[in-house]
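Please look over the sequence and the model below before reading on. The paragraphs that follow move from backbone details to packed helices and then to aromatic rings.

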Amino acid sequence: MSVPISQAWTVASYVLTQKLKGRKQYPLVLMLEPLYRCNLACAGCGKIQYPAHVLKRELSPEECFNAVDECGAPMVSIPGGEPLMHSQIDKIVDGLVARKRYIYLCTNALLLKEKLHLFKPSKYLTFSVHLDGQKEHHDFSVCREGGYELAVEGIKAALARGFRVTTNTTLFDGADPNSVRAFFDEMMELGVEGMMLSPGYNYDKAPDQKHFLGRARTRRLFRAMLSNRKPAWRFNQSMLFLEFLMGKRDFRCTPWGMPTYSVFGWQKPCYLLQDGYADTFDELMATTEWANYGTESGNPQCANCMVHSGYEASGVDYTFSSLKGLLATAKATLFTKNEDDEALLLLNEPVTPVHAYNPLVQIEAHPEKLEETRA
Ligand code: SF4
(Lines give C-alpha, C1' and ligand atoms only; values in the text may rest on other atoms or scores of the structure.)
Protein backbone atom coordinates (compact mmCIF):
# COMPACT_ATOMS: atom_id res chain seq x y z
CA MET A 1 0.00 0.00 0.00
CA SER A 2 1.34 3.44 -0.87
CA VAL A 3 -0.85 5.85 1.11
CA PRO A 4 1.31 8.19 3.28
CA ILE A 5 1.17 7.53 7.02
CA SER A 6 -0.42 10.92 7.81
CA GLN A 7 -3.29 10.17 5.43
CA ALA A 8 -3.72 6.59 6.68
CA TRP A 9 -3.77 7.92 10.27
CA THR A 10 -6.35 10.60 9.44
CA VAL A 11 -8.64 8.04 7.80
CA ALA A 12 -8.15 5.45 10.56
CA SER A 13 -8.89 7.91 13.36
CA TYR A 14 -11.93 9.25 11.47
CA VAL A 15 -13.41 5.77 10.94
CA LEU A 16 -12.69 4.73 14.55
CA THR A 17 -14.41 7.90 15.78
CA GLN A 18 -17.50 7.03 13.70
CA LYS A 19 -17.46 3.53 15.20
CA LEU A 20 -17.13 4.86 18.76
CA LYS A 21 -20.09 7.16 18.10
CA GLY A 22 -22.07 4.12 16.92
CA ARG A 23 -22.61 5.66 13.49
CA LYS A 24 -23.41 2.83 11.05
CA GLN A 25 -23.67 4.92 7.89
CA TYR A 26 -20.91 7.47 7.45
CA PRO A 27 -19.20 9.03 4.43
CA LEU A 28 -15.56 8.22 3.73
CA VAL A 29 -14.90 10.04 0.45
CA LEU A 30 -16.97 12.90 -0.94
CA MET A 31 -17.29 12.60 -4.71
CA LEU A 32 -17.40 16.27 -5.66
CA GLU A 33 -18.33 16.85 -9.29
CA PRO A 34 -17.90 20.58 -9.89
CA LEU A 35 -18.77 20.31 -13.61
CA TYR A 36 -19.73 17.72 -16.21
CA ARG A 37 -18.01 19.06 -19.30
CA CYS A 38 -14.88 17.35 -20.54
CA ASN A 39 -12.27 17.53 -23.29
CA LEU A 40 -12.71 13.79 -23.96
CA ALA A 41 -15.77 11.74 -24.88
CA CYS A 42 -14.88 8.25 -23.64
CA ALA A 43 -16.99 5.37 -24.90
CA GLY A 44 -17.65 3.98 -21.38
CA CYS A 45 -18.50 7.32 -19.70
CA GLY A 46 -22.00 8.14 -18.49
CA LYS A 47 -21.21 11.66 -17.30
CA ILE A 48 -20.83 13.77 -20.42
CA GLN A 49 -24.03 13.01 -22.31
CA TYR A 50 -25.87 15.99 -20.82
CA PRO A 51 -27.35 18.83 -22.87
CA ALA A 52 -25.22 21.94 -23.42
CA HIS A 53 -26.95 24.02 -20.72
CA VAL A 54 -25.97 21.41 -18.09
CA LEU A 55 -22.43 21.09 -19.45
CA LYS A 56 -22.03 24.86 -19.06
CA ARG A 57 -22.81 24.78 -15.35
CA GLU A 58 -20.13 24.85 -12.65
CA LEU A 59 -20.29 24.60 -8.88
CA SER A 60 -18.86 27.74 -7.27
CA PRO A 61 -16.02 27.35 -4.74
CA GLU A 62 -18.48 28.29 -1.96
CA GLU A 63 -20.89 25.54 -3.04
CA CYS A 64 -18.00 23.07 -2.98
CA PHE A 65 -16.87 24.20 0.50
CA ASN A 66 -20.42 23.99 1.88
CA ALA A 67 -20.76 20.43 0.53
CA VAL A 68 -17.41 19.41 2.05
CA ASP A 69 -18.28 20.96 5.44
CA GLU A 70 -21.77 19.42 5.45
CA CYS A 71 -20.50 15.95 4.59
CA GLY A 72 -17.44 15.87 6.87
CA ALA A 73 -15.60 13.09 4.95
CA PRO A 74 -11.81 13.23 5.38
CA MET A 75 -11.16 12.64 1.66
CA VAL A 76 -12.56 14.43 -1.38
CA SER A 77 -12.38 13.00 -4.86
CA ILE A 78 -12.93 15.56 -7.61
CA PRO A 79 -14.01 13.81 -10.80
CA GLY A 80 -16.29 15.31 -13.41
CA GLY A 81 -16.16 16.06 -16.30
CA GLU A 82 -12.60 17.25 -16.43
CA PRO A 83 -11.94 19.31 -13.29
CA LEU A 84 -9.00 21.16 -14.86
CA MET A 85 -11.56 22.81 -17.21
CA HIS A 86 -13.33 24.38 -14.22
CA SER A 87 -12.73 28.14 -14.24
CA GLN A 88 -11.96 28.26 -10.47
CA ILE A 89 -10.45 24.85 -9.80
CA ASP A 90 -7.41 26.45 -8.13
CA LYS A 91 -9.64 28.26 -5.62
CA ILE A 92 -11.56 25.05 -4.91
CA VAL A 93 -8.34 23.12 -4.29
CA ASP A 94 -6.89 25.91 -2.09
CA GLY A 95 -10.04 25.97 0.03
CA LEU A 96 -10.04 22.20 0.50
CA VAL A 97 -6.34 22.13 1.38
CA ALA A 98 -7.04 24.86 3.98
CA ARG A 99 -9.73 22.52 5.39
CA LYS A 100 -7.11 19.72 5.57
CA ARG A 101 -9.05 17.40 3.31
CA TYR A 102 -7.11 14.81 1.30
CA ILE A 103 -8.01 15.63 -2.31
CA TYR A 104 -7.81 13.31 -5.31
CA LEU A 105 -8.17 15.55 -8.35
CA CYS A 106 -9.15 13.06 -11.08
CA THR A 107 -7.91 14.26 -14.42
CA ASN A 108 -7.26 12.90 -17.89
CA ALA A 109 -4.12 15.09 -17.66
CA LEU A 110 -4.49 16.56 -21.15
CA LEU A 111 -4.31 20.01 -19.54
CA LEU A 112 -2.17 19.07 -16.54
CA LYS A 113 1.16 20.41 -17.78
CA GLU A 114 -0.23 23.82 -18.72
CA LYS A 115 -2.32 24.19 -15.51
CA LEU A 116 0.26 22.99 -12.97
CA HIS A 117 1.29 26.58 -12.14
CA LEU A 118 -2.16 27.07 -10.58
CA PHE A 119 -1.38 24.63 -7.76
CA LYS A 120 1.12 24.23 -4.94
CA PRO A 121 2.47 20.79 -3.93
CA SER A 122 0.86 19.62 -0.71
CA LYS A 123 0.42 16.35 1.13
CA TYR A 124 -3.31 17.04 0.84
CA LEU A 125 -3.36 17.23 -2.97
CA THR A 126 -2.96 14.27 -5.33
CA PHE A 127 -3.43 14.33 -9.09
CA SER A 128 -5.16 11.06 -9.87
CA VAL A 129 -4.51 10.59 -13.58
CA HIS A 130 -6.97 8.56 -15.60
CA LEU A 131 -5.05 6.00 -17.63
CA ASP A 132 -6.88 2.86 -18.73
CA GLY A 133 -3.81 0.80 -19.64
CA GLN A 134 -0.96 0.77 -22.11
CA LYS A 135 -0.89 3.28 -24.94
CA GLU A 136 -2.99 1.46 -27.51
CA HIS A 137 -5.62 0.37 -25.02
CA HIS A 138 -5.84 3.77 -23.29
CA ASP A 139 -6.17 5.71 -26.53
CA PHE A 140 -8.92 3.33 -27.63
CA SER A 141 -10.68 3.55 -24.29
CA VAL A 142 -10.73 7.37 -24.24
CA CYS A 143 -11.35 7.63 -28.01
CA ARG A 144 -8.37 9.93 -28.46
CA GLU A 145 -5.16 9.08 -30.31
CA GLY A 146 -2.17 10.56 -28.45
CA GLY A 147 -4.07 10.74 -25.15
CA TYR A 148 -1.63 8.39 -23.43
CA GLU A 149 1.47 10.41 -24.37
CA LEU A 150 -0.12 13.67 -23.21
CA ALA A 151 -1.12 12.10 -19.90
CA VAL A 152 2.38 10.71 -19.36
CA GLU A 153 3.88 14.14 -20.12
CA GLY A 154 1.54 15.64 -17.53
CA ILE A 155 2.52 13.00 -14.95
CA LYS A 156 6.23 13.64 -15.51
CA ALA A 157 5.78 17.41 -15.18
CA ALA A 158 3.73 17.02 -11.97
CA LEU A 159 6.24 14.60 -10.42
CA ALA A 160 9.14 16.89 -11.35
CA ARG A 161 7.45 19.74 -9.43
CA GLY A 162 6.95 17.64 -6.33
CA PHE A 163 3.23 16.84 -6.59
CA ARG A 164 1.68 13.60 -5.41
CA VAL A 165 0.52 11.63 -8.46
CA THR A 166 -1.47 8.40 -8.68
CA THR A 167 -3.20 6.72 -11.59
CA ASN A 168 -6.78 5.54 -11.81
CA THR A 169 -7.67 2.79 -14.24
CA THR A 170 -11.12 1.59 -15.25
CA LEU A 171 -11.23 -1.85 -16.81
CA PHE A 172 -13.83 -3.15 -19.23
CA ASP A 173 -14.47 -6.46 -20.95
CA GLY A 174 -11.68 -7.24 -23.41
CA ALA A 175 -8.93 -5.93 -21.11
CA ASP A 176 -5.79 -8.05 -21.54
CA PRO A 177 -4.44 -8.95 -18.05
CA ASN A 178 -0.88 -9.33 -19.38
CA SER A 179 -1.03 -5.88 -20.92
CA VAL A 180 -2.43 -4.41 -17.68
CA ARG A 181 0.40 -6.05 -15.73
CA ALA A 182 2.90 -4.48 -18.16
CA PHE A 183 1.09 -1.16 -17.61
CA PHE A 184 1.65 -1.52 -13.83
CA ASP A 185 5.39 -1.88 -14.55
CA GLU A 186 5.33 1.25 -16.73
CA MET A 187 3.57 3.33 -14.05
CA MET A 188 5.95 2.21 -11.33
CA GLU A 189 8.89 3.09 -13.56
CA LEU A 190 7.38 6.53 -14.13
CA GLY A 191 7.45 7.02 -10.36
CA VAL A 192 3.77 7.46 -9.48
CA GLU A 193 2.92 7.03 -5.81
CA GLY A 194 0.40 4.26 -6.41
CA MET A 195 -2.33 2.96 -8.69
CA MET A 196 -6.09 2.68 -8.28
CA LEU A 197 -8.24 0.17 -10.14
CA SER A 198 -11.93 -0.37 -10.67
CA PRO A 199 -14.14 -2.27 -13.09
CA GLY A 200 -16.33 0.02 -15.21
CA TYR A 201 -20.04 0.51 -14.49
CA ASN A 202 -22.74 -0.19 -17.04
CA TYR A 203 -24.02 3.38 -17.50
CA ASP A 204 -27.12 3.35 -19.65
CA LYS A 205 -25.99 6.69 -21.11
CA ALA A 206 -22.56 5.41 -22.20
CA PRO A 207 -22.08 5.20 -25.99
CA ASP A 208 -20.45 1.73 -25.80
CA GLN A 209 -22.87 -0.71 -24.14
CA LYS A 210 -21.11 -3.88 -25.29
CA HIS A 211 -18.03 -4.01 -23.12
CA PHE A 212 -19.12 -3.84 -19.50
CA LEU A 213 -17.98 -6.66 -17.23
CA GLY A 214 -20.33 -8.99 -15.37
CA ARG A 215 -19.36 -10.00 -11.80
CA ALA A 216 -17.90 -13.41 -12.74
CA ARG A 217 -15.78 -11.92 -15.53
CA THR A 218 -14.66 -9.10 -13.24
CA ARG A 219 -13.39 -11.60 -10.64
CA ARG A 220 -11.63 -13.64 -13.31
CA LEU A 221 -9.90 -10.60 -14.81
CA PHE A 222 -8.76 -9.19 -11.47
CA ARG A 223 -7.62 -12.60 -10.23
CA ALA A 224 -5.48 -12.98 -13.36
CA MET A 225 -4.03 -9.46 -13.02
CA LEU A 226 -3.51 -9.19 -9.28
CA SER A 227 -2.35 -12.68 -8.32
CA ASN A 228 1.40 -13.40 -8.41
CA ARG A 229 2.02 -9.69 -7.93
CA LYS A 230 5.41 -8.07 -8.43
CA PRO A 231 6.85 -6.55 -5.23
CA ALA A 232 7.32 -3.18 -6.95
CA TRP A 233 3.60 -2.64 -7.63
CA ARG A 234 1.95 -0.17 -5.26
CA PHE A 235 -1.78 0.36 -4.98
CA ASN A 236 -3.32 3.46 -3.47
CA GLN A 237 -6.55 1.89 -2.27
CA SER A 238 -8.03 -0.60 0.18
CA MET A 239 -6.24 -3.95 -0.10
CA LEU A 240 -9.48 -5.68 0.93
CA PHE A 241 -11.30 -4.02 -1.97
CA LEU A 242 -8.70 -5.55 -4.30
CA GLU A 243 -9.35 -8.95 -2.68
CA PHE A 244 -13.07 -8.39 -3.28
CA LEU A 245 -12.40 -7.74 -6.98
CA MET A 246 -10.29 -10.94 -7.14
CA GLY A 247 -13.18 -12.97 -5.69
CA LYS A 248 -11.37 -13.67 -2.41
CA ARG A 249 -14.00 -12.04 -0.21
CA ASP A 250 -17.50 -10.65 -0.49
CA PHE A 251 -18.83 -7.27 0.59
CA ARG A 252 -22.19 -5.54 0.50
CA CYS A 253 -22.37 -2.17 -1.19
CA THR A 254 -22.10 0.89 1.08
CA PRO A 255 -23.32 3.63 -1.28
CA TRP A 256 -23.29 6.23 1.51
CA GLY A 257 -19.50 5.66 1.84
CA MET A 258 -18.81 7.80 -1.23
CA PRO A 259 -21.70 10.28 -1.56
CA THR A 260 -21.84 12.49 -4.64
CA TYR A 261 -22.47 16.23 -4.82
CA SER A 262 -22.81 17.85 -8.25
CA VAL A 263 -24.46 20.77 -10.02
CA PHE A 264 -27.78 18.96 -9.38
CA GLY A 265 -27.28 18.60 -5.60
CA TRP A 266 -26.78 15.44 -3.47
CA GLN A 267 -27.27 12.47 -5.77
CA LYS A 268 -29.33 9.45 -4.66
CA PRO A 269 -28.09 6.84 -3.94
CA CYS A 270 -24.52 6.83 -5.29
CA TYR A 271 -22.03 8.14 -7.82
CA LEU A 272 -23.40 5.84 -10.52
CA LEU A 273 -27.18 6.02 -10.25
CA GLN A 274 -29.45 9.04 -10.36
CA ASP A 275 -32.64 8.22 -8.47
CA GLY A 276 -33.29 11.79 -7.46
CA TYR A 277 -31.46 14.51 -5.55
CA ALA A 278 -31.47 15.98 -2.06
CA ASP A 279 -30.78 19.59 -1.08
CA THR A 280 -28.62 18.72 1.92
CA PHE A 281 -26.36 15.87 2.98
CA ASP A 282 -28.60 15.13 5.99
CA GLU A 283 -31.62 14.92 3.68
CA LEU A 284 -29.71 12.52 1.40
CA MET A 285 -28.93 10.24 4.34
CA ALA A 286 -32.42 10.42 5.80
CA THR A 287 -34.55 10.10 2.66
CA THR A 288 -32.65 7.58 0.48
CA GLU A 289 -34.16 4.08 0.57
CA TRP A 290 -30.76 2.41 1.03
CA ALA A 291 -32.28 -1.09 1.21
CA ASN A 292 -33.26 -0.77 -2.46
CA TYR A 293 -29.60 -0.76 -3.56
CA GLY A 294 -26.67 -3.15 -3.70
CA THR A 295 -26.43 -6.47 -5.48
CA GLU A 296 -28.37 -8.34 -2.77
CA SER A 297 -31.33 -5.95 -3.11
CA GLY A 298 -32.27 -7.48 -6.46
CA ASN A 299 -32.15 -4.02 -8.07
CA PRO A 300 -31.17 -4.76 -11.70
CA GLN A 301 -29.14 -1.53 -11.82
CA CYS A 302 -26.87 -2.98 -9.13
CA ALA A 303 -26.73 -6.57 -10.41
CA ASN A 304 -23.25 -6.46 -11.96
CA CYS A 305 -21.74 -3.59 -10.00
CA MET A 306 -18.41 -4.06 -8.20
CA VAL A 307 -17.31 -0.45 -8.61
CA HIS A 308 -15.01 1.29 -6.12
CA SER A 309 -17.58 3.97 -5.30
CA GLY A 310 -19.87 1.28 -3.86
CA TYR A 311 -17.46 -1.27 -2.44
CA GLU A 312 -14.16 0.37 -1.52
CA ALA A 313 -15.71 1.99 1.56
CA SER A 314 -17.08 -1.47 2.46
CA GLY A 315 -13.49 -2.77 2.57
CA VAL A 316 -12.35 0.15 4.77
CA ASP A 317 -15.32 -0.28 7.10
CA TYR A 318 -14.59 -4.01 7.41
CA THR A 319 -10.99 -3.22 8.36
CA PHE A 320 -12.10 -1.24 11.40
CA SER A 321 -15.09 -3.40 12.38
CA SER A 322 -13.20 -6.13 14.24
CA LEU A 323 -9.80 -7.58 15.07
CA LYS A 324 -10.40 -10.01 12.20
CA GLY A 325 -10.73 -7.07 9.80
CA LEU A 326 -7.54 -5.42 11.09
CA LEU A 327 -5.60 -8.69 10.80
CA ALA A 328 -6.96 -9.32 7.28
CA THR A 329 -5.84 -5.83 6.22
CA ALA A 330 -2.41 -6.23 7.81
CA LYS A 331 -1.97 -9.57 6.03
CA ALA A 332 -3.11 -8.17 2.66
CA THR A 333 -0.77 -5.18 3.08
CA LEU A 334 2.30 -7.12 4.18
CA PHE A 335 1.95 -10.21 1.99
CA THR A 336 1.12 -8.81 -1.41
CA LYS A 337 2.29 -11.60 -3.70
CA ASN A 338 -0.97 -13.60 -3.72
CA GLU A 339 0.61 -16.71 -5.22
CA ASP A 340 -1.94 -18.56 -7.35
CA ASP A 341 -0.97 -21.19 -9.96
CA GLU A 342 -4.43 -21.25 -11.52
CA ALA A 343 -4.26 -17.50 -12.04
CA LEU A 344 -1.00 -18.02 -13.95
CA LEU A 345 -2.94 -20.30 -16.30
CA LEU A 346 -5.54 -17.55 -16.79
CA LEU A 347 -2.71 -15.35 -18.10
CA ASN A 348 -2.06 -17.89 -20.85
CA GLU A 349 -5.63 -17.75 -22.16
CA PRO A 350 -5.98 -15.97 -25.48
CA VAL A 351 -7.53 -12.49 -25.30
CA THR A 352 -8.81 -10.47 -28.18
CA PRO A 353 -8.36 -6.85 -27.14
CA VAL A 354 -11.39 -4.74 -28.02
CA HIS A 355 -9.29 -2.47 -30.23
CA ALA A 356 -8.31 -5.47 -32.37
CA TYR A 357 -11.84 -5.77 -33.78
CA ASN A 358 -13.20 -2.27 -33.26
CA PRO A 359 -11.66 0.77 -34.93
CA LEU A 360 -10.47 3.63 -32.72
CA VAL A 361 -13.14 6.30 -32.67
CA GLN A 362 -11.23 9.54 -32.84
CA ILE A 363 -13.17 12.34 -31.18
CA GLU A 364 -12.33 15.49 -33.04
CA ALA A 365 -11.09 18.30 -30.83
CA HIS A 366 -12.91 21.51 -31.77
CA PRO A 367 -11.48 24.14 -29.43
CA GLU A 368 -14.10 26.66 -30.55
CA LYS A 369 -16.90 24.26 -29.58
CA LEU A 370 -15.31 23.53 -26.20
CA GLU A 371 -15.05 27.26 -25.74
CA GLU A 372 -18.81 27.54 -26.29
CA THR A 373 -19.48 25.28 -23.34
CA ARG A 374 -17.32 27.24 -20.93
CA ALA A 375 -19.44 29.07 -18.40
S1 SF4 B 1 -24.27 -1.59 -6.22
FE2 SF4 B 1 -23.24 -0.03 -7.50
S3 SF4 B 1 -24.89 1.00 -8.61
FE4 SF4 B 1 -25.83 -0.10 -6.87
S5 SF4 B 1 -25.91 1.42 -5.20
FE6 SF4 B 1 -24.00 0.27 -4.98
S7 SF4 B 1 -22.48 1.53 -6.08
FE8 SF4 B 1 -24.50 2.21 -6.74
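Is alanine 109 buried or exposed? At 1% relative accessibility, alanine 109 counts as buried, where buried means under 20% relative accessible area, exposed over 50% and partly exposed in between, with a 1.4 Å probe and protein chains only. This is a predicted model, in which local features need pLDDT of at least 70 and side-chain atom pairs count only at pLDDT 80 or more, while totals for chains, interfaces and linings use all residues. Residues are numbered from 1 along each chain as its sequence is written, and side-chain values use heavy atoms, with hydrogens and water left out.

Alanine 109 sits in the loop between strand E3 (102–107) and helix H5 (112–115); helices (H or I, at least four residues) and strands (E, at least two) are DSSP runs, numbered from the N terminus. The phi of alanine 109 is near 70°, a positive value in a residue other than glycine. Most residues other than glycine have a negative phi, and most peptide bonds are trans. Asparagine 338, also not a glycine, has a positive phi of about 55°; its place is the loop between helix H13 (323–334) and helix H14 (341–347), and with 12% relative accessibility it counts as buried. A further backbone detail is the peptide bond from lysine 268 to proline 269, which is cis, with omega near -10°, and proline 269 belongs to the loop between strand E8 (265–267) and strand E9 (277–278).

The next topic is helix packing. Two packed helices are described by the angle between their axes and the distance between the axes. Helix H3 (residues 61–71) packs with helix H4 (residues 89–98) at an angle of about 30°, their axes being 9 Å apart; axes are lines fitted to C-alpha atoms, for helices over the stretch in contact, and angles run from 0 to 180 degrees between N-to-C directions. H3 and H4 are therefore roughly parallel to each other, since angles under 35 degrees count as roughly parallel, over 145 as roughly antiparallel, 65 to 115 as roughly perpendicular and the rest as oblique. Pro61, Cys64, Phe65 and Val68 of H3 make the contact with Lys91, Ile92, Gly95 and Leu96 of H4, contact meaning heavy atoms within 4.5 Å.

Helix H7 (residues 147–160) and helix H8 (residues 177–190) have axes that come within 11 Å and cross at roughly 35°. On the H7 side are Tyr148, Val152, Ile155, Lys156 and Leu159, which meet Phe183, Glu186, Met187 and Leu190 in H8. In helix H9 (residues 215–226) lies threonine 218, which is buried at 1% relative accessibility and, leaving aside its neighbours within four places in sequence, is in contact with Pro199, Leu213, Leu245 and Met306.

Finally, the structure holds 18 aromatic pairs; rings of Phe, Tyr and Trp (its six-membered ring) pair if their centres lie within 6.5 Å, and planes under 30 degrees apart count as stacked, over 60 as edge-to-face and the rest as tilted. Among them, phenylalanine 119 and phenylalanine 127 are edge-to-face, 5.5 Å centre to centre with 80° between the planes, and phenylalanine 119 is buried at a relative accessible area of 4%, as is phenylalanine 127 at 0%. Tyrosine 261 and tryptophan 266 form a tilted pair, 4.9 Å centre to centre with 50° between the planes. Ring pairs also link Phe241, Phe244, Phe251, Tyr311 and Tyr318 into a cluster.
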